[in-house]
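Here is a colleague's note for someone meeting this structure for the first time. Please read the numbered points with the model open beside you.

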Amino acid sequence: MQSMELQNTVKEALNALYHHPDDAVRMQADRWLQDFQCTIDAWQVADNLLHDATSNPETLIFCSQTLRSKVQRDFEELPSEAFFQLRNSLNNLLKKFHKGPPIVRTQISIAVAALAVHVPAKDWGDGGIVSWLRDEMNSHPEFIPGFLELLTVLPEEAFNYKIAARPERRRHFEKELTAQMEIALNILTACLNISELKEQVLEAFASWLRLKHGIPGSVLATHPLVLTALSSLNSDILSEASVNVVSELIHYTASKSSGGVSVQGPLIQVIVPQVMNLQAQLRDSSKDEEDVKAIARLFADMGDSYVELIATGSSEAMMIVNALLEVASHPEYDIASMTFNFWHSLQVILTKRNSNISFGDEATIEAERNQRLQVFRQSYESLVSLVSSRVQYPQAYQDLSYEDLKEFKHTRYAVADVLTDAASVLGGDATLQILYMKLLEAIACCGNEQSEWRPAEAALFCIRAISSYVSVVETNVMPQVMDLLPKLPPQPQLLQTVCLIIGAFSKWLDAAPSGFSKLPLVIDILMSGMRTSEDSAAAAALAFRHICDDCRKKLCTYCKELFHIYYTAVNGEGSFKGSADDSLHLVEALSMVITELSPELAKNALEELCASVVTPLQAIINQGPEVLEKKHAHELTVHIDRFAYIFRYVNHPEAVADSVHRLWPIFKAIFDLRAWDMRTMESLCRACKYAVRTSGRFMGTTIGAMLEEIQGLYQHHHQPCFLYLSSEVIKIFGSDPSCASYLKNMIEVLFKHTASLLTSIKEFTTRPDIADDCFLLASRCIRYCPQLFIPSAVFPALIDCAMIGITVQHREASNSVLTFLSDIFDLAKSSKGEQYLSIRDSLIIPRGATITRILVAALTGALPNSRLETVAYALLALARAYGMQALEWARESVSLIPLTAVKEVERSRFLQALSQAASGVDVNTLILSVEELSEVCRRNRTVQEIVQGALKPLELNMPAGITTQLSLRVMGYTKHGKSSFSIFSFFMSCCSNAGDDTSEDGFYTRRICPSDEDGRRWIAEPGIDRKASAFINRFRSRVSDPDRQSLTA
């Protein structure tokens, strides 16, 4: 009765979801249906409704999806004896829906395949699921279409990580399918006799090829399925399935698991001629575009898979290269771009020295390399001509939507990458010559008509793309290019590209014989760009920055003129169209030139530069406190950010320190009245950070006043940037004995107050920035002043605080906490840390079991998968520091997880890997075992809840008694608004070297300091595609380095 009621409720909810006019009702129905799918009743209800002949299509789709999801994720909910009943029911449904609806049949097929992943082959009878499927097809030939779909999805589900199967079972399933491949191919071969199933058979064959099982190439070369797919390529109507098969065959022949091209020669010799026969169809205008795209895909697949063979430059290889050039010439970018990866891979092989290592001595290797480059020279010259036209703005570019414009920009960046590949092979100067001819052709078309600016802009864009490959002393083309720039029409997009190309060739302007003489010419162009449009102003400001960076020594005598440009652009004396961020490039540019001046001249120039920035700030302050408090943050930060750039790039420590001293009253006024404003404080602390970094010991009393100010303000306003500024001071002055007393006081005050704020995981979640900066500061204290930090009374409190925050979900905060704990565990690796091991041990050993339990909880689901590396390293560092004792802690923690969630063999495998890694025997195994344990414990929501319920990480932040101790420590924290410790005269005696640890900013990326990583503007992070494979390499290098950077004092 209850089941019937639920079935009716499901139908009503679906009807409301699809047909009710009220959005609120539809949302309520959607939520109810999602919750229903998580219940155990969903098994029976979905099954009943699928077998119910009265169910409408909406019900069938929902229930098939529900049943598929339940099998994938919640199969463990069912008793073991339910398997046969479930298998029979799914089999009946597969037969029932063998003619459709297709979406329902697909969901049922996936459910059966997922069931096969969960259940060992023996439970399906002799031979596993494939043999069972063969018997079913023999017994019920009328249902073959449905069974064929199941045969298609079976190998696909072997790699579906939505299925909540244990990693070991997943590996066994893949082996089971591999062992049954011959049976599967026999089934498919038999089904070829049914003409209407040919497409479905080939799709299934393509799916099985993705297993990459090592079938000998000689067998596949004559296999009926392969011959059928290849013959289908020549039919009037191109078969999509046959293209998929041939594509998979190409990838199959190149895969390591199949033996690679050296073993698969017979199959390759069959595939390549058949694909090459399709080349003429690339030019056939009567061909459907999708067919041409499919053919182009096969050529691209051949290029990518056989690139090492092609790099030999044989006549057969050059035939493939010419075909790929033809694909690259196709007017449709989506088709032409299929070859781009090949050109890059080929360039890497041709230009890397180790690619020719097998040719003997250095002279022979170089000769072979040059010979290969010569063979492919004409191909890359043709490629440059083919792709350069693709970056041209469309005729009606103003009417492009945001998405279309974004896609067009991505096209330009992709073409730029291809051009740099060509320049690597041809050389930058030779590539420049080709593109210069394109520019001359474009300018001839351009004349004085702005409507024809697009070809010239495209040519200039391409020249800019290869700028880093062109010789800085090139004399044939670049002088002519520079002479042409002023003659181009002042169209905004064209002018933007002109400005960018000037900046890209700033090194040429400095080094080439005629380069510097062109500077007045290009400066005039940049000034025009600053007045024309926002985009051209941004490009001009960036170009100006590059010119001043690369030509700084030659520009020292032109300071007056540079200041005039600066005033014209930044101070409103001209019609500068750029943003505040763009103006920072000009500040940076002038600052870099000032760096090259003599100390006296630099001091005067710095005073003039600072005066231009401070004047508007002084005007705001002069209007009184009420006005300053009410000003929008941007009205202040636009000027303060310029100070940050000045202090960062003017490398005259004494002059900068003197400027900061004179500016301090203004900074203090802003600190006092705007301490509540995070944006303003971040900007001001960033400026102070660079002042401290540049000036170091020359800061004198100013640094004392600055830090006393932020130390007091932090207690009331809790701005995380105050902590970060303090960490910069620790880096500069931490090792200076004369600064020890004050720094010790500062550390205790800041950490005690932070510990009083972060007393629960809820507080960590509410204040992640404070947590992040606090533990970054703590790690920096371990590096630079362990003698002040570790013996202090606040050190135990901070360890307890870190235990609370290990499982905070905020990525940066969590990483900072874990890194801090790792630094403590790794203290013995530090040259200064060994003397504090007894203090460390007295604190960590009583907490060790709890810390380990929280770390194990973090690995098994309390933190996202993306944190595995950091958590695993913390656990490894703990195990290395405490040996068998830490392993016992780990054993106790893992033993709490019920065997229903983690089997004994899985526990043992993890503990053994941890033991081996801790002893230095096998670090690589640990990361694999950590990933496996994590996957086992996260395989579905129910298991994850069981694991976390057993480990209870949020209830184990501190061992018994320590909570009270922490509270007492926090209560002992000074109640005064500021430290009573006098520091003005104290910092006068500081004499430490203020050398910058440049690598440290790479470790700690500041989300509040976008200017820290300034430079050219990236649309996407470079090298993003390579990051997926870096995980284990990073972990290996981190755990194998005996002098890990984070502990190098």
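Leaving aside its neighbours within four places in sequence, which residues is V104 in contact with?

1. Beyond those neighbours, V104 is in contact with L50, L60, I61, S64 and F97, where contact means heavy atoms within 4.5 Å. V104 has its place in helix α6, residues 102-118; helices (H or I, at least four residues) and strands (E, at least two) are DSSP runs, numbered from the N terminus. With a relative accessible area of 0%, V104 is buried, a word that stands for under 20% relative accessible area, while exposed is over 50% and partly exposed in between (1.4 Å probe, protein chains only). From C-alpha to C-alpha, V104 and R68 are 10.0 Å apart in space and 36 residues apart in sequence.

2. Some words on the basis of this note are needed. This is a predicted model, in which local features need pLDDT of at least 70 and side-chain atom pairs count only at pLDDT 80 or more, whereas totals for chains, interfaces and linings use all residues. Residues are numbered from 1 along each chain as its sequence is written, and side-chain values use heavy atoms, with hydrogens and water left out.

3. As for the whole protein, there are 54 helices and 0 strands. Of its 1049 residues, 56% count as buried. Among the contacts with a separation of 6 or more, 76% come from residues 24 or more positions apart.

4. Axes here are lines fitted to C-alpha atoms, for helices over the stretch in contact, and angles run from 0 to 180 degrees between N-to-C directions. The crossing of α33 past α34 is left-handed, a label used if the near helix is turned anticlockwise from the far one by less than a right angle, with right-handed used if clockwise. On the α33 side L590, S591 and I594 meet A602, A605, L606 and L609 of α34.

5. The second pair is α11 (residues 198-209) with α14 (residues 240-254), packed at an angle of about 20° with axes 8 Å apart. These helices, α11 and α14, are therefore roughly parallel, and α11 passes α14 in a left-handed crossing. The residues making this contact include L202, F205 and L209 of α11, together with V245, L249 and Y252 of α14.

6. Aromatic pairs come to a count of 26, taking rings of Phe, Tyr and Trp (its six-membered ring) whose centres lie within 6.5 Å, with planes under 30 degrees apart counted as stacked, over 60 as edge-to-face and the rest as tilted. One of them joins Y393 and F408, whose ring centres are 5.0 Å apart and whose planes stand at 50°, so the pair is tilted. Y393 belongs to the loop between α22 (377-388) and α23 (402-426), while F408 is in helix α23, 15 residues apart. Both residues are buried, Y393 at 11% relative accessibility and F408 with a relative accessible area of 10%.

7. Another aromatic pair, F643 and F667, is edge-to-face, at 5.6 Å centre to centre and 75° between the planes. Because F643 lies in helix α36 (residues 633-649) and F667 in helix α37 (residues 653-674), the pair ties together parts that are 24 residues apart in sequence. Both F643 and F667 are buried.

8. Ring pairs also link F751, F764, F775, F789, F795 and F820 into a cluster. Within helix α42 (residues 761-766), F764 counts as buried at 0% relative accessibility. Its contacts, leaving aside neighbours within four places in sequence, include F775, I804 and V817, and the C-alpha atoms of F764 and I804, which are 40 residues apart along the chain, are separated by 8.2 Å.

9. Finally, a point on the backbone: most residues other than glycine have a negative phi. H718, in the loop between α39 (701-717) and α40 (720-733), has a positive phi of about 55° although it is not a glycine. K952, likewise not a glycine, has a positive phi of about 50°, and K952 is partly exposed, with a relative accessible area of 35%.

Terms used: Parallel < 35°, antiparallel > 145°, perpendicular 65-115°, else oblique.
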